Amino acid sequence: MKELRIRVLAGVFVVAGILSWAGARLWNSVGTLPSVPLAAPVVLALIAVILLATALSIRARLKAQRDRVPGAKGVDPMMAARAVVFGQASALVAALVAGMYGGTGVFLLEYLDIPARRDQAIYAGASVVAGIAVIAAALFMERVCKLPDDEDDDHPGAASAA
């Protein structure tokens with residue numbers, strides 16, 4: 001399984017932001033801009049909390065397993081793999097959604113004197129912050145579940161024949 005690349009996440013964020021900003025400008029010139037739902041930052045924050053809680057739980061269980069604590073519940077490798085996949089998928093979706101709301105929020109900065117648009121800009125900004133929290137929690141989850149690298153230098157029989 002490949003690790004998440006911050007460049008990929010940043011690229012998704014930037015491309016979604018630019019397309020969203022352009023789409024918001026176009027949509028506003030044709031009619032009314034769709035609103036940013038209040039649920040967007042709430043759902044993203046909830047996903048970030050779930051990811052963080054799962055990562056902390058796995059980390060504690062791995063530490064107890066390493067320290068050979070009696071009665072410690074081990075970590076099933078498939079459960080850890082599923083958690084990492086969930087984290088990676090969540091990070092990619094969060095980068096897309098945060099970019100989308102970021103672009104809309106940048107567009108809405110021109111209309112802060114209108115109370116309804118100001119509220120929408122606040123919701124969009126909160127969505128970007130919550131999306132970044134999801135990405136951070138997913139990267140933490142990936143780091144917690146990463147297997148130690150196998151290094152051939154540690155094995156005495158792995159020396160190259162010269």
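Reply: A crossing of two helices is called left-handed if the near helix is turned anticlockwise from the far one by less than a right angle, and right-handed if clockwise; helices here are DSSP runs of H or I with at least four residues, numbered from the N terminus. This is a predicted model, in which local features need pLDDT of at least 70 and side-chain atom pairs count only at pLDDT 80 or more, while totals for chains, interfaces and linings use all residues. Residues are numbered from 1 along each chain as its sequence is written, and side-chain values use heavy atoms, with hydrogens and water left out.

Helix α2 spans residues 39–66 and helix α3 residues 77–108, and they pack at an angle of about 155 degrees with their axes 11 Å apart, the axes being lines fitted to C-alpha atoms over the stretch in contact and the angles running from 0 to 180 degrees between N-to-C directions. The two are therefore roughly antiparallel, since angles over 145 degrees count as such, those under 35 as roughly parallel, 65 to 115 as roughly perpendicular and the rest as oblique. Contact means heavy atoms within 4.5 Å, and on the α2 side the residues that meet α3 include Leu-44, Leu-51, Thr-54, Ile-58 and Arg-61, whereas Ala-83, Phe-86, Gly-87 and Tyr-101 are among those on the α3 side.

The packing of α2 with α4 has an angle of about 15 degrees, with the axes 8 Å apart, and these helices are therefore roughly parallel to each other. Here too, α2 passes α4 in a left-handed crossing.

Buried means under 20% relative accessible area, exposed over 50%, and partly exposed in between (1.4 Å probe, protein chains only). This core has 23 residues, and Ile-58 and Met-141 have the most contacts inside it; α4 gives the most to it, with 9 residues. Beyond its neighbours within four places in sequence, Met-141 is in contact with Leu-51, Thr-54, Ala-55, Ile-58, Ala-83 and Val-84.

Ala-133 also lies in helix α4, but at 33% relative accessibility Ala-133 counts as partly exposed.

Terms used
A nonpolar core is a set of buried Ala, Val, Leu, Ile, Met, Phe, Trp, Tyr and Cys residues joined through side-chain atoms within 4.5 Å.
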